[in-house]
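Please look over the structure shown below before reading on.

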Amino acid sequence: MTHLRQFEWTDYDAVVAVWAAAARDVVPRAELEAKLARDPELFVVAETHGTLSGVVMGTYDGRRGWILRLAVDPRHRRQGIATRLVREVERRLAALGCPRVNLLVLPDNAAGLAFWQALGYLPCPDVLCTKPLG
């Protein structure tokens, strides 16, 4: 059985392991501390039989919600965990009054795009611009 709950710092190493198993970049502790100071309830983990199996990080700036860093350990995929994590963070965003949720899908991630489209997310022709600070 899979249980969803809010991230706790004791989960950090297990979350890092899920990100690594899913070939995702690890969010450094300092960045995560800043994120958790803002909206800790939007960082949700999934536990399956006592093992951390998935994670999703959301954020809300008061205008738009964002879903970031959805990852499920490959040993636990195809069990609906990713969908449950997304639905839970959507529920939590809605409870905060969030009117719209955004996310990014890398251009070469066809399976990821299909997953998000199946959940009702539509591609937009926006161009992402980014600039590292510091």
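**Briefing on the predicted model**

Phe7 lies in the loop between β1 (2-6) and α1 (12-21); helices (H or I, at least four residues) and strands (E, at least two) are DSSP runs, numbered from the N terminus. This is a predicted model, in which local features need pLDDT of at least 70 and side-chain atom pairs count only at pLDDT 80 or more, while totals for chains, interfaces and linings use all residues. Residues are numbered from 1 along each chain as its sequence is written, and side-chain values use heavy atoms, with hydrogens and water left out.

**Phe7**

- Phe7 has 6% relative accessibility, so it counts as buried (buried means under 20% relative accessible area, exposed over 50%, partly exposed in between, with a 1.4 Å probe and protein chains only).
- Apart from neighbours within four places in sequence, Phe7 is in contact with Tyr12, Val15, Leu32, Leu36, Phe43, Val44 and Val45 (contact means heavy atoms within 4.5 Å).
- From C-alpha to C-alpha, Phe7 and Pro40 are 7.6 Å apart in space, and they are 33 residues apart in sequence.

**Asp39**

- Asp39 is found in the loop between α2 (29-38) and β2.
- The relative accessibility of Asp39 is 3%, and therefore Asp39 counts as buried.
- The side chain of Asp39 makes a polar contact with the side chain of Lys35 at 2.4 Å (a polar contact is a pair of N or O atoms within 3.5 Å; within protein, one must be able to donate a hydrogen and the other to accept it, and residues adjacent in sequence count only if both atoms are side-chain atoms).
- The side chain of Asp39 also makes a polar contact with the side chain of Thr59, at 3.1 Å.
- When neighbours within four places in sequence are left aside, Asp39 is in contact with Gly58, Thr59 and Tyr60.

**Strand β3 and its partners**

- Nine of the 10 residues of strand β3 (residues 51-60) are buried, so this strand is largely enclosed by the rest of the structure.
- Strand β2 (residues 43-48) runs antiparallel to β3, and six bridges join them (two strands pair if DSSP finds at least two bridges between them).
- Val44 has Val56 in β3 as its bridge partner.
- Two residues lie between β2 and β3 in their hairpin, and His49 in the turn has a positive phi of about 50 degrees.
- Strand β4 (residues 65-72) pairs with β3 in the antiparallel sense over six bridges.
- Tyr60 has Gly65 in β4 as its bridge partner.
- The hairpin of β3 and β4 has four residues between the strands, and Gly62 there takes a positive phi near 95 degrees.
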